[in-house]
Amino acid sequence: MKKTITTRLLASLIPLFAVLCISGYWFATDLIAFQKQPLPITELQPLNVAAGTSVIKLAQQLEQQGLIVDSWKVKYLVKLEPKLASIKTGYYQLIPGDTLESVFKRLRLGQEAVFTVTLIEGKSIKEWQQALARSEHLVVGSDDFNQVLIANGDTSGLPEGKFYPETFHYHADDNVQAVLQRSYDMMQMSLKQAWDGRDDDLKLTSPYELLIIASIIEKETGKPEERNWVSAVFNNRLKKGMRLQTDPTVIYGMGERYKGNITRKDLREATAFNTYKIDGLPPTPIAAPSRASLFAAANPAKVDYLYFVSRNDGSHVFSATLKAHNRAVNEFQRKRK
C-alpha cells in the first residue's frame, strides 16, 4: 500500500519537475539573450562607476538612463555567473555596439576609458601648455613642467626642449605630471643615445648644447633628407666662429611680439636669442626636437655648406660660398618680393 502511494506521488511530481526544468531553461536562455542585446547608443557615452557601486545598482542606473530594461534580471544573471559581481571603480565609456555583457566584462577587468594627448615636435612649452589645458579629464596645474624638472633634480627653471614630443595615453583624472614624467624620461634616453653616438668632429661640448642645436634644426626644416645638411651648416659655422644667423631663434626671442613677419629692425635687436647678434648658441632650446633632429644634430653631413635659403616649397638651397648663397637668395627670395 505504501509503495503504491509513493509511486503515485513520484508520478505526480515528475511533470512538475519537468515544468520547472523547462521554465528554468527558458529563463536562463532569456537572461543570456538579455545580456547580449546591443545597448541603444549611437555615440560614445561616459560611464562613471563610483566607489561602492554594486553591479545591481549599476544596472538600475543604466535602466534610469534608458539603456536597458528589466534591470532586475541582473540579480539572476549574477547567480548564473557570479563573476559578474566583480566590477572595478573608474571612468569608462559605452561604445556603439556594446552589450551588457561587453560592458560588464570591461568593468570586471578594469579597462577604463583611455584618452590621448599629443605633444607635437617643433612646438614650445607654452604651446604645449595650451594643448594640455584643452585635454579632457587631465588634471593640469600651473607649473607642471618645472615641477617634473625639480622632481628629477633639475632646478634650472628651464624646461624648454627637455620633454619628448609624442602621443601619450592616460586615464580620466590622471595628473599631467605623470604624463610629463614619461615625456621627460623619453627625452633623456634619446638625448643620451644621440650624444653617445655623436660625430667626433662635432663642435659641441655638452648634451644640452646638442639639444639646443636639435631644436633649431627642428624649426628650420621638416624634410628628413635635409636635417643632416642643416646640422652641417650650423656645425661648420660654429667651427669657423661664424654666427648661426637663423630666423627661428629671432622669432623665439621676440615672444608675443612676433606676428608672422621678421623685419630688419627685429634682426638688429639685441636679444639673448637673436643669433644674428650673438656669438655661438642661444641660451636654451627654442622648441621640442624630434628624435630625428637629435640624431641629425649629433651627426652632421660631411659637406662644406655654410648657408641655406628656402625655395618656398618646404625645401632649401644649400651653398658653400656667400656668392652662391646670394644667387640663391636672389632667385628664391628677392624675386618673390
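Q: Which residues does D70 touch, not counting residues up to four places away in sequence?
A: In this predicted model, D70 touches F34 and E63. A contact requires heavy atoms within 4.5 Å.

Q: Why is D70 called partly exposed?
A: Buried means under 20% relative accessible area and exposed means over 50%, with partly exposed in between (1.4 Å probe, protein chains only). The relative accessible area of D70 is 32%, and therefore D70 counts as partly exposed.

Q: Where is the place of D70 in the secondary structure?
A: D70 is in the loop between α2 (55-64) and α3 (73-80). Helices (H or I, at least four residues) and strands (E, at least two) are DSSP runs, numbered from the N terminus. The protein comes to 13 helices and eight strands.

Q: What separates the C-alpha atoms of D70 and Q60?
A: The two residues are 10 residues apart along the chain, and their C-alpha atoms are separated by 8.8 Å.

Q: How does the radius of gyration of the protein stand against that of a compact globule?
A: The radius is taken over C-alpha atoms, and the globule rule is 2.2 Å times the number of residues to the power 0.38. For 337 residues a compact globule would have a value near 20 Å, but the protein has 33 Å. The C-alpha trace spans about 125 × 45 × 40 Å along its principal axes.

How values were computed: Residues are numbered from 1 along each chain as its sequence is written. This is a predicted model: local features need pLDDT of at least 70, side-chain atom pairs count only at pLDDT 80 or more; totals for chains, interfaces and linings use all residues. Side-chain values use heavy atoms; hydrogens and water are left out.
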